[in-house]
Amino acid sequence: MLCLSAKGLLPRIDAAVFADTQWEPKAVYDHLDRLEREIAAPAGIHIHRVSSGHIREDALDPDHRFASMPLYILNRDGKAGMTRRQCTGEYKIKPIKKKVREILGYPYPTRVPKGVFVEQWVGISTDEFHRAKDADVKYMRNVHPLLDIGWSRADCVRYLTSLGLADTPKSSCLGCPFHGNAQWRTIRDSSPDEWSDVVEFDAAIRRGNARANATGNQLLGQAFLHRSRVPLSEAPIDHVTAAEWAALQAQDGAPDAEELEAGVVDGCSPWACRGEQPEPTRDDFGLTA
Ligand code: SF4
């Protein structure tokens, strides 16, 4: 959408906002720098980089209240669960709304007068039209330009390729539990340092986040980044074993083969969050600590 706007194929936007969890792959930051330099700046579009903090460091900091990531839980009785996802709201939606209010000239806690709003473009393509939603605040009105021009994901990829941006990486936290096996393999095979980083993080959250532990809200089971609920370093990211497949099928909301490989379909989009959790939710993770 930024490219379409900068090139005049869509109306000129006033600003773009990138919500930074500070734990994106290096490829995403490199790509953002390039977009800024080659596309946005020449068109006079400013990209605001906003952040609520460093999601990885916050999870491991006993002094920091942590907005939980959607971790896979193995309870002591062997039952599978999942922690509630709060990170998208904290690390993406919150800083974007804060910036939008600043752009409008009514920073929090100033009340935004009735009738004052931004048009916020959300990049949902025709293959995922069901994810399009209205904004939940009056000072934002969601617009879906890709739906309006009838573009699918393939159309977007073709257009990016024509601009020399075929290698546009997918944005998400390095250690996001929504990754499918393909994303885990890409990290492992293309970026050893980032792989060590996520393996280390996976081990560090085994007993839950640091704040919960520090305040006595220890996890009674174990937490994992990979859906198989085994340590990431040993997880079957090259293939799904027969035993894992059988175990997954026995759970409510079991994933299909596509989801195991490519990741949770709805992933982490601030404005098109999934309405439901993929698996049973566990709330007592020290989330209120
Ligand atoms: S990418 Fe994953 S871990 Fe990061 S904010 Fe989104 S859901 Fe949370």
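How many residues surround the ligand, and which are the closest? I opened the predicted model to find out. I count 14 residues around the ligand. The closest are C87, S172, C173, C176 and C268.

**Ligand shell.** I sorted the shell by residue type. Nine of its residues are nonpolar, three are polar and two are charged.

**Helix α4.** I checked its length next. At 1.5 Å a residue, the 18 residues of α4 should span 26 Å. I find its end C-alpha atoms 25 Å apart, so the two agree. The helix is bent, though: I note about 35° at I93, with the proline P95 following within four residues. After α4 comes G105, with a positive phi near 95°.

I listed the buried residues of α4: C87, T88, Y91, K92, P95, I96, K97, V100 and R101. They pack against β1, β2 (46-50), α3, β5 (118-121) and β6 (140-143).

**Cores.** I turned to the nonpolar cores. The largest has 37 residues. Inside it, I55, A59, L71, Y72, V198 and A223 have the most contacts. Several elements give two or more residues to this core, among them β1 (15-19), α3 (55-59), α8 (192-204) and β7 (222-224). The largest share, four residues, comes from α4.

Leaving out residues up to four places away in sequence, L71 touches M82, T83, P177, I205, A223, F224 and L225. I also found a second, separate core of five residues, including W121, I124, L146 and W271.

Conventions
Residues are numbered from 1 along each chain as its sequence is written. This is a predicted model: local features need pLDDT of at least 70, side-chain atom pairs count only at pLDDT 80 or more; totals for chains, interfaces and linings use all residues. A nonpolar core is a set of buried Ala, Val, Leu, Ile, Met, Phe, Trp, Tyr and Cys residues joined through C-beta atoms within 7 Å. A residue is buried if 20 or more other C-beta atoms lie within 10 Å of its own, exposed if 12 or fewer, and partly exposed in between; C-beta atoms are placed from the backbone. Two residues are in contact if their C-beta atoms, placed from the backbone, lie within 7 Å. A residue is near a molecule or strand if its C-beta atom, placed from the backbone, lies within 6 Å of it. Ala, Val, Leu, Ile, Met, Phe, Trp, Tyr, Cys and Pro count as nonpolar, Asp, Glu, Lys and Arg as charged, and the others, Gly among them, as polar. The expected span of a helix is 1.5 Å times one less than its number of residues. The bend at a residue is the angle between axes fitted to the seven residues ending there and the seven starting there.
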